[in-house]
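Work through the exercises below with the structure in view. Try each task before reading its solution.

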Amino acid sequence: MKNNQMNLEHLWMPFSANRDFKSSPRLMNAAKGMYYQKPDGSPVLDGTAGLWCCNAGHGHEKIVTAIQEQAEKMDFAPSFQMGHPLGFEAAQTLLEFAPGDEFQYAFFTNSGSEAVDTALKISMAYQQHIGHTEKTMIIGRERAYHGVGFGGITAGGLPLNKKYYTLLPGFDHICHTHNLEHNAFSNGQPEWGKHLADDLERITEKHGGDKIAAVIIEPVAGSTGVLVPPKGYLKRIRDICDAHDILLIFDEVITGFGRLGTPFAAQYFDVEPDMITCAKGLTSGTVPMGAVMVKKKMYDAFQQGDPKSIDLFHGYTYTAHPLAAAAAIASMDVYGEEGLIDRAAGMASYWEEALHSLQGVGSIIDIRTIGLMAGIEMEPRDGKIGARGYDVFTDAFHSENMLIRITGDTVALSPPLILEKKHIDQLVESLTRIIPKH
Ligand SMILES: Cc1ncc(COP(=O)(O)O)c(C=O)c1O
């Protein structure tokens, strides 16, 4: 650092208003448990588990120690045609969290975006391997977020993330489920909206079910502002996929590892997909890592012909990186040993009730809750979508010492699973103070 002066200019921050940030920075330099710390030492309550990641809370000793010890023992191991024990152990540990008993393989990546692109590629290659040569299309959903790779933005449904880019061919989208007229202030799954799953029938008629390789869906759409699936919706999607031999991929990057009080959303909704993507909570946010969980029948389809030839031409230099694998095993051990997933389930009703008490406050037009997730939607200011949200977000940090997440004009909350009732009360009190100001 030249002249010992911190210069904020040279980092191009992701998904950020760089100029505004640099004129009024929001910095945190330490974290423990439920709190971050500002450089001046003041604690910042973490209402978002970092970025939907740190489910075990910050600085958990067991996870920190596992990473430290692994860094000393072996820094890196190549993952192509080579292996190290922790990669295999991490896969086995992860699969214990999967629904049913058919998920028997895990492919590791370094992020949710890579997990999504990996899942899309595996689904397309699988259809070819089993002779469904015409099944090449991928179906996503409006308003979906599947990361920032070309597969992810094309399958996703957020227009600003696609603007300026040449998207991939062979993708289409079903409609989203958000409807304020019918579903506003639903606590848990809305009663209305199962029929929206039938939009997948429209798509299969439009293209032919025999042309579609896979449907990818976030069980609860997170980044677009916490859209909870209506009752029966996901089961109907599953049934339509089955009727047309279409693979169903659940993108559980946000919902994995206890966010809904079950290991994955698949168990919460009792709907079993064919593939699951995850990341974030996999290492409790400590070291970048993502994964795709795959059923045995799919893996087996790739294990044909010469056993000395590569079965999937895909992978990353850092696949199953030793530090990430150590962090993942330790994080998943913590979820199990400390009962954090059950803890989330136990805390959900207090969470939901507390958040719904905000109904009527300021500009709030909808509150959506499920498990330890919440979306609080505010009326956009005239012609300026996102402006109110941004002001609430910066005010939360500067005047309430609270980290929240904003997507458009929706406050999205997803705290670490270790939170206590007092933290929920603090979040709700702060929001009650700042939302009416904007
Ligand atoms: C559902 C979903 N998929 C994929 C991603 C992308 O993950 P990453 O930012 O780790 O690439 C996210 C990130 O929030 C996500 O919510």
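**Exercise 1.** List the residues in contact with Ala-291, leaving aside its neighbours within four places in sequence.

*Solution.* Step 1: apply the criterion that two residues are in contact if their C-beta atoms, placed from the backbone, lie within 7 Å. Step 2: read off the partners of Ala-291, which are Leu-94, Ala-106, Phe-107, Phe-108, Thr-109, Ala-115, Cys-278 and Leu-282.

Two notes apply throughout. The model is predicted, and local features need pLDDT of at least 70, side-chain atom pairs count only at pLDDT 80 or more, and totals for chains, interfaces and linings use all residues. Residues are numbered from 1 along each chain as its sequence is written.

**Exercise 2.** Describe the largest nonpolar core.

*Solution.* Step 1: a nonpolar core is a set of buried Ala, Val, Leu, Ile, Met, Phe, Trp, Tyr and Cys residues joined through C-beta atoms within 7 Å; buried means that 20 or more other C-beta atoms lie within 10 Å of the residue's own, with C-beta atoms placed from the backbone. Step 2: the largest such core has 125 residues, and Val-215, Ile-237, Ala-291, Val-292, Met-293 and Ala-328 have the most contacts inside it. Step 3: helix α13 (residues 322-337) gives the most to this core, eleven residues. Helices here are DSSP runs (H or I, at least four residues), and strands are also DSSP runs (E, at least two), numbered from the N terminus. Step 4: domain 1 (2-56 + 339-437) and domain 2 (65-337) each supply at least three residues of the core; the domain bounds come from an automatic or database domain assignment.

**Exercise 3.** How do domain 1 and domain 2 touch, and which element of domain 1 has the largest share of that side?

*Solution.* Step 1: the centres of the two domains, taken over C-alpha atoms, are 26 Å apart. Step 2: 32 residues of domain 1 are in contact with 29 residues of domain 2. Step 3: on the domain 1 side, α14 has the largest share, with seven residues. Step 4: by class, that side holds 17 nonpolar, eleven polar and four charged residues. Ala, Val, Leu, Ile, Met, Phe, Trp, Tyr, Cys and Pro count as nonpolar, Asp, Glu, Lys and Arg as charged, and the others, Gly among them, as polar.

**Exercise 4.** Give the strand order of the open sheet formed by four strands.

*Solution.* Step 1: two strands pair if DSSP finds at least two bridges between them. Step 2: the order is β1-β2-β3-β13, with mixed pairing. Step 3: β1 (30-32) and β13 (402-403) are the edge strands, each pairing on one side only. Step 4: β2 (residues 35-37) and β3 (residues 43-46) pair in the antiparallel sense over three bridges, and Tyr-35 stands opposite Leu-45 in β3.

Definitions and conventions: A residue is buried if 20 or more other C-beta atoms lie within 10 Å of its own, exposed if 12 or fewer, and partly exposed in between; C-beta atoms are placed from the backbone.
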